[in-house]
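Subject: Structure handover

Hello,

The structure we talked about is placed below, with my notes after it. Please read the notes with the model open.

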Amino acid sequence: MKKYIWMICAILCLLAGCVFLENVEQPANARPGEEMTININTRIDVADGGRSNVRLIIGFLAPKNWQAAANAAVTFTTSTYGNGKMVPVPATVDAGGGKNWPAILKERFGMGGNFMTDDLEWVVFWTEQAYNVPQGVKENIKVTVKLIPGTDNVQFKTGYFVGTSSEGLSDVFGSNNVYKCRFMDCFTITDGVSDLIDYCNPQIAAVTPGVATDNDLLTIAFDPDVVSTALSGADRIFLCAKAYTTTGKVLDACIQTDQSKLQPYTGRKSAITLWPRAHFNMQDGEQLEKIAYFFTDESGTTKVGYSNTDSPFVYTFKCQ
């Protein structure tokens, strides 16, 4: 059966301008404000009469606040067609069904298993120039993406796409012959200004506002429907927290009382709103740097922490 499938693929490639995504070279991690380089090694094989006025298209996933379409520098090198620049595909270009390229990639391939996908986007570039590519061309194309991450600590699963303007996402020649899409493992930006924004794992907890001082009201929410946890059967959820002052003092507030009990607000979700200075019985002159917290049951013995582990969630206070 495997041999038969390969024969089918080979025949389809003889009928189409096949596109291959050979590999992606991306750093293991990166730092905010420092340029990072990604190499996308691709290959085309034109076998059915050539293409006219065609552009190579590449896409990649990025957090929206990176504004990668405006800030990334994308170039390509080839052995036959020289080197060149790639530019963002205009939003007016119809990639199919009246949708632009970022929208159609999200619809067709999704967001790679990331969570909170409204904060991520497909960023799509194409060659600045269109080319006439005759039958028989076999070309290796190296695409280099240089971009500067935003200021936040971020973890997300990267994703890459390669295709052409002539074929789009057509499956006439067989699914996945004239385009390729690949998702990779979690990629992390560290040493940023924020607590980690984790798109790789389900968000059991959420804190609003995202930026606050210890003199602001905080709402800490627990969502048991994101993933099954040790508290899935608990009727009453409590906040177990420690606060850390800027002088290193630890203020413990891990007692299961009405003051630490989360209140239901939507479905099985619950939340607690607190004023940190009162909740942790702070003294005049003290200032909080951060809090570390778990959710517990009424006994306090069953705890759920960050990413459904025994590590605490951490919230760092910052001025807006």
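**Cavities**

Five strands, β1 (17–25), β3 (36–46), β4 (51–54), β9 (131–133) and β10 (138–147), each supply at least two residues of the lining of the largest cavity. Strands here are DSSP runs of E with at least two residues, numbered from the N terminus. This is a predicted model, in which local features need pLDDT of at least 70 and side-chain atom pairs count only at pLDDT 80 or more, while totals for chains, interfaces and linings use all residues. Residues are numbered from 1 along each chain as its sequence is written, and side-chain values use heavy atoms, with hydrogens and water left out.

A cavity is a set of points, on a 1 Å grid over the protein atoms alone, where a 1.4 Å probe fits but cannot get out; lining residues have an atom within 4 Å of a point. Grid points are joined across faces, edges and corners, and a volume is the space filled by probe spheres set on the points.

The largest cavity holds about 250 Å³ of space. Its lining has 20 residues, and Ile44, Val54, Leu56, Val133 and Ile141 are the ones nearest its centre. β1 gives the most to this lining, with three residues. By class, the lining of the largest cavity has 11 nonpolar, five polar and four charged residues. In this count Ala, Val, Leu, Ile, Met, Phe, Trp, Tyr, Cys and Pro are nonpolar, Asp, Glu, Lys and Arg are charged, and the others, Gly among them, are polar.

The volume of the second largest cavity is about 60 Å³. Its lining residues include Met36, Ile38, Phe60, Trp66 and Phe187. Two or more residues of that lining come from each of β3, β5 (56–63) and β11 (154–164), and β11 gives the most, with four. Nine residues of the lining of the second largest cavity are nonpolar and two are polar, with no charged residues.

**The largest pocket**

A pocket, unlike a cavity, is an open set of points with protein on both sides within 12 Å along at least five of seven lines. The largest pocket has a volume of about 750 Å³. It is lined by 31 residues, and Asp195, Leu196, Ile197, Gln203 and Val314 lie nearest its centre. β13 (197–198), β14 and β22 (313–316) each supply at least two lining residues, with the largest share, four residues, coming from β22. The lining of the largest pocket divides into 18 nonpolar, seven polar and six charged residues.

**Strand pairing**

Two strands pair if DSSP finds at least two bridges between them. Strand β14 (residues 205–208) runs antiparallel to β15, and four bridges join them; Ala205 has Phe222 of β15 as its bridge partner. β15 is also joined to strand β19 (residues 269–274), by five bridges and again antiparallel, with Ile272 of β19 as the bridge partner of Ile220. Four of the five residues of β15 (residues 218–222) are buried, that is, under 20% relative accessible area, where exposed is over 50% and partly exposed in between (1.4 Å probe, protein chains only).

Strand β8 (residues 120–127) is mostly covered as well, with seven of its eight residues buried. Seven bridges join β8 to β5, and the two run antiparallel; one of the pairs is Ala62 with Glu121 of β8. Strand β7 (residues 83–88) is joined to β8 by three bridges, also antiparallel, and Val87 has Trp126 of β8 as its bridge partner.

**Two residues to look at**

Thr245 belongs to strand β16 (residues 238–245). Thr245 counts as buried because its relative accessibility is 2%. The side chains of Thr245 and Thr247 make a polar contact of 3.0 Å (a pair of N or O atoms within 3.5 Å; within protein, one must be able to donate a hydrogen and the other to accept it, and residues adjacent in sequence count only if both atoms are side-chain atoms). Beyond its neighbours within four places in sequence, Thr245 is in contact (heavy atoms within 4.5 Å) with Leu251, Gln287, Leu288 and Glu289.

Leu169 is in the loop between β11 and β12 (180–189). With 8% relative accessibility, Leu169 also counts as buried. Not counting residues up to four places away in sequence, Leu169 touches Trp101, Ile104, Leu105, Arg108, Phe109, Phe161 and Tyr179.

Regards
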